[in-house]
Amino acid sequence: MAETMKYISTTLVVLLAQSLYAQNWAPDGATWRYGFFVYPSLTGYVIFEATGDTMINGRSTRKIDRHREEYNTETQQSFTSDLPMIFSHATDNVVWIYVEETNEFDTLYNLNAMPGDHWAMVPLPDPFVCIAESRVIILDTGTVVMNDIPLRWLAVENHYNLDPDELVVPDTIVERIGSRGVYMLPQDPCNGFGGQAEGGGLLCYADAEIDYISPFIQACDIGLGIPVNSNSAGVRLFPNPGSDELQISFSATGPANTVLVHDIHGRLVAQQAVQRSSFTLDTSLWNSGQYILSVVGGAGQYFSTRWSKQ
């Protein structure tokens, strides 16, 4: 009886974890914003937004609406265009996406993967430059904490098969967020060689619990006159260089700040919303080296600096 209860308890824990993961992928209102640029004058965003559920092949799946907001720097005109909706769901730590051509779900992200594993790259958008043998190879794994929520990440290489050549693009895939360096539909960078790219790298992601902003932009709404590297919040790091902890203080009071820390390879290692004048990050498990700390102020200010761990 005890063994039976133990088995049932363990099974319930596993099912609960799987259920929570499924709920955390593309919850209602989750929004991804990707960059968009066409030389020489078109710039803007591609916006993905999770809007609800539908049934495909007898399976409940998430609907993700997409549209592109473009701005022509020559004519100073802006316009919006719709893109086809995509359908995705998550089970057992794997994110699946629907491929209309095959009427099947294919692997978008496998958060169970370990270094050395790989999966075939999903053929979306329809590839017309690279061929089907393109793949995603796992290099490293770990966990990052965003707003007190631990999220698994995968450091990967996207291997695009150009037959006979191969293009290798590094990326980091983060649980709930997806790819940080490339467009959610992974064939897009390769399609760009033919002038047919839909979008670019991830600029920001937000849902009801977490917010992510790329360390390489001032803020999510680029081009709104937000000052770059304006230390209006009076950010101070101590000690620098340091070892097991990093104290961050703000001499100016005002709206809440969001602190992001990336390693030298661009991988996010910490993110925290801060509403007090100082706080301490535990850095004891971080590797020695250089880190980039970015602060995005609630009033729109942006500041970044470096911190060294000995």
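What follows is a tour of the salt bridges, the disulfide, the nonpolar cores and a set of paired strands.

First, some housekeeping: this is a predicted model, in which local features need pLDDT of at least 70 and side-chain atom pairs count only at pLDDT 80 or more, while totals for chains, interfaces and linings use all residues. Residues are numbered from 1 along each chain as its sequence is written, and side-chain values use heavy atoms, with hydrogens and water left out.

Let's start with charge. Side chains of opposite charge can pair when their charged atoms come close. Here a salt bridge means a side-chain nitrogen of Lys or Arg within 4 Å of a carboxyl oxygen of Asp or Glu, and that rule gives seven salt bridges. One of them joins D28 and R62, at 2.4 Å from N to O. This pair ties together distant parts of the chain, 34 residues apart: D28 is in the loop between α1 (2-24) and β1 (31-38), and R62 is in strand β3 (residues 59-72). (Helices, H or I with at least four residues, and strands, E with at least two, are DSSP runs numbered from the N terminus.)

Another salt bridge pairs R68 with E70, with the closest N and O atoms 3.1 Å apart. R68 is buried at 14%, and E70 is buried at 8%. Then there is R176 with D207, where the closest N and O atoms are 2.8 Å apart. That one also links distant parts of the chain, 31 residues apart, with R176 in the loop between β10 (166-174) and β11 (178-179) and D207 in the loop between β12 (202-206) and β13 (211-213). Both R176 and D207 are buried.

On to sulfur. A disulfide is a pair of cysteine sulfur atoms within 2.5 Å, and a search of the whole structure turns up one. It is formed by C130 and C190, with their sulfur atoms 1.5 Å apart. The torsion about the S-S bond is about 70 degrees, so this disulfide is right-handed. C130 sits in the loop between β7 (118-120) and β8 (135-146), and C190 sits in helix α2 (residues 188-191), 60 residues apart. Both cysteines are buried.

Now the interior. A nonpolar core is a set of buried Ala, Val, Leu, Ile, Met, Phe, Trp, Tyr and Cys residues joined through side-chain atoms within 4.5 Å. The largest has 51 residues, of which W25, W32, F48, M146 and M184 touch the most other members. Strand β9 (residues 149-161) gives the most to this core, with seven residues.

Finally, look at strand β15 (residues 245-250). In a regular strand the side chains alternate between the two faces of the sheet. Two strands count as paired if DSSP finds at least two bridges between them. Strand β14 (residues 235-238) runs antiparallel to β15, joined by four bridges, and V235 has F250 as its bridge partner. Strand β18 (residues 278-282) also pairs with β15 in the antiparallel sense, over five bridges, with I248 opposite F279.

Definitions and conventions
Buried means under 20% relative accessible area, exposed over 50%, partly exposed in between (1.4 Å probe, protein chains only).
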